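Reader: I am new to this kind of picture. Could you walk me through how to read it?

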Amino acid sequence: MRVIQAFKVPCHLCVVRLLPKKRESRGRRKGSKGSVETVQCDQCGRLIPEDKAVCVTKWYSPVDPQLAAELEKKGSIIAKYPVTRCYCVSCAVFMGIVKVRPEEDRKKKEILK
Ligand SMILES: [Zn+2]
């Protein structure tokens, strides 16, 4: 009887990822869509694709926060407005909204089937 050993060799159907990858899905959420509209970064003004922009919504109140706290104690209602700001990836990294993944994680080789 002959024993044939089968080795797992990456074939043409397997994709071997060798290059480092900074962000998941190339930092985008576009999928298989062709192209998307562009938006301007609120920090530096760079034009970036809509799906690549990092958007953050913060609640903004025109009243000074100390004064607002005092007025709220007395029972008044102070309006707050949502303000959405969109940043490019480099500005988002600079401001600490998103982080660059560790270098070791980025260089992991993966075999996808
Ligand atoms: Zn920017």
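Author: Gladly! Let us begin with burial: a residue is buried if 20 or more other C-beta atoms lie within 10 Å of its own, exposed if 12 or fewer, and partly exposed in between, with C-beta atoms placed from the backbone. This is a predicted model, where local features need pLDDT of at least 70, side-chain atom pairs count only at pLDDT 80 or more, and totals for chains, interfaces and linings use all residues. Residues are numbered from 1 along each chain as its sequence is written.

Reader: How many helices and strands are in the protein chain?

Author: Helices (H or I, at least four residues) and strands (E, at least two) are DSSP runs, numbered from the N terminus. Here the protein chain has 3 helices and 6 strands. Their order from the N terminus on is β-β-β-β-α-β-α-α-β.

Reader: What is the count of buried residues in helix α1?

Author: Helix α1 spans residues 65–73, and of its 9 residues the buried count is 0, leaving the helix hardly covered. Just after α1 comes glycine 75, with a positive phi of about 105°. Across the 113 residues of the protein chain, buried residues make up 5%.

Reader: Which residues form the largest nonpolar core?

Author: A nonpolar core is a set of buried Ala, Val, Leu, Ile, Met, Phe, Trp, Tyr and Cys residues joined through C-beta atoms within 7 Å. The largest one has 6 residues: Ala53, Tyr87, Cys88, Val89, Cys91 and Ala92. Helix α2 (residues 89–94) gives the most to this core, with 3 residues.

Reader: What does cysteine 91 touch?

Author: Two residues are in contact if their C-beta atoms, placed from the backbone, lie within 7 Å. Leaving aside residues up to four places away in sequence, cysteine 91 touches Cys41, Gln43 and Cys44.

Reader: How do strands β4 and β5 run?

Author: Two strands pair if DSSP finds at least two bridges between them. β4 and strand β5 (residues 81–87) run antiparallel, joined by 7 bridges.

Reader: Is lysine 58 buried or exposed?

Author: Lysine 58 sits in strand β4 (residues 54–60). Lysine 58 counts as exposed because it has 10 C-beta neighbours inside 10 Å.
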